[in-house]
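The tour below goes from one selection to the next.

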Amino acid sequence: MQPIYTQTVGSGGVSSVTFNNIPQTFTDLKVVFSGRTSDTGNDRAVPFVWINGTGDNSSNTRLYSIPNVATGSDRASGGFIGYASTATNTANTFGSQEIYLPNYTSANFKQMIVDGVSESNSTTQVGLTLVSVLFRTTSAVSSFSIISSAGNWVQYSTFSLYGITKG
Amino acid sequence: MSKVIEIDCSTGVSVERDMTEAELTAQAAMQAQAEADRAEAEEAKAASDALKASARAKLVAGTPLTEEEAATLVL
């Protein structure tokens, strides 16, 4: 696994982070991030991803659990990924997510597996998710965006892109 | 105005710019969908909990359960 780039968000916050001109020389891609949003309306964020500048023709299937609140599974359109922490969570807590995108240069549809947790250092306000995201595009992935669905990614949210070559 | 960070992986250059109108519109639509999904999940959990509580109370009282209540207890 080879690091391609790591971006840490600065003091102003941003709505999204996009990796452009991704090298086409690896077999798989992996995105790992530690994220917290400025959203004050919810105790967990539901960010989403775009590839090649669009979320068109994407859908997701989720297993989710927010202990004592809701547990279940669902399917929806859009590239929603796992939960991230928000401004309502305990200060200095960030959610963690890992996105694995195999065969990103192939002419097949692009399917990724995402596991994500929001964190709040409390007995409530913790969300766990395992998500399958499908983009119905046969184009190679050259651009990947991680977008907050409400508010900004706050300072110190960190996004890393890795390339993986088959052994 | 919301900002975005774009990284050019071929050069390692990272730039920050304002969101476009199209990006703002797309984000708002996804936010609305996320909220709807969240509300639906929480309502389903609340309804299920209420059914289980009702079934439990009826069992203790020895009164008949509805089909829905029984389904929460028997697989």
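Which residue stands opposite Phe19(A) in E10(A)? Select Phe19(A) and look across to E10(A): the residue there is Phe144(A).

Before going on, note that this is a predicted model, in which local features need pLDDT of at least 70, side-chain atom pairs count only at pLDDT 80 or more, and totals for chains, interfaces and linings use all residues. Residues are numbered from 1 along each chain as its sequence is written, while chains are lettered from A and ligands numbered from 1 in the order in which they are written.

**The sheet that crosses the chains**

Helices (H or I, at least four residues) and strands (E, at least two) are DSSP runs, numbered from the N terminus. Two strands pair if DSSP finds at least two bridges between them.

Now select strand E1 (residues 3-8) of chain B, which pairs with E2(A) in the parallel sense over five bridges. One place to check this pairing is Asn20(A), whose bridge partner in E1(B) is Asp8(B).

Show the whole open sheet next: its five strands come in the order E4(A)-E10(A)-E2(A)-E1(B)-E2(B), with mixed pairing. At the edges, each pairing on one side only, are E4 of chain A and strand E2 (13-18) of chain B. From one strand to the next the twist averages 20°, with axes being lines fitted to C-alpha atoms, for helices over the stretch in contact, and angles running from 0 to 180 degrees between N-to-C directions.

**Where the chains touch**

Colour the interface: 30 residues of chain A are in contact with 25 residues of chain B (contact means C-beta atoms, placed from the backbone, within 7 Å). On the chain A side, strand E1 (2-8), strand E2 (16-20) and strand E6 (70-77) each supply at least two residues.

**The eight-stranded sheet**

Move to the open sheet of chain A with the order E1-E11-E3-E7-E8-E9-E5-E6, eight strands in antiparallel pairing. E1 and E6 of chain A are its edge strands, each pairing on one side only.

Within this sheet, select strand E3 (residues 28-35) of chain A. Seven bridges join E3(A) to strand E11 (residues 158-164) of chain A, and Phe33(A) has Phe159(A) as its bridge partner there. E3(A) is also joined to E7(A) by seven bridges, again antiparallel; the partner of Lys30(A) in E7(A) is Tyr100(A).

**The core**

Show the largest nonpolar core, which has 40 residues. A nonpolar core is a set of buried Ala, Val, Leu, Ile, Met, Phe, Trp, Tyr and Cys residues joined through C-beta atoms within 7 Å. A residue is buried if 20 or more other C-beta atoms lie within 10 Å of its own, exposed if 12 or fewer, and partly exposed in between, with C-beta atoms placed from the backbone. Among those with the most contacts inside the core are Val31(A) and Phe144(A). Select Val31(A): not counting residues up to four places away in sequence, Val31(A) touches Ile99(A), Phe144(A), Ile146(A), Phe159(A) and Leu161(A).

**Last stop: a loop**

Select Ser11(A), in the loop between E1 and E2 of chain A. Is Ser11(A) buried or exposed? Ser11(A) is exposed, because 7 other C-beta atoms lie within 10 Å. Ser11(A) and Tyr156(A) are 145 residues apart in sequence, and their C-alpha atoms are 7.9 Å apart in space.

Terms used. Two residues are in contact if their C-beta atoms, placed from the backbone, lie within 7 Å.
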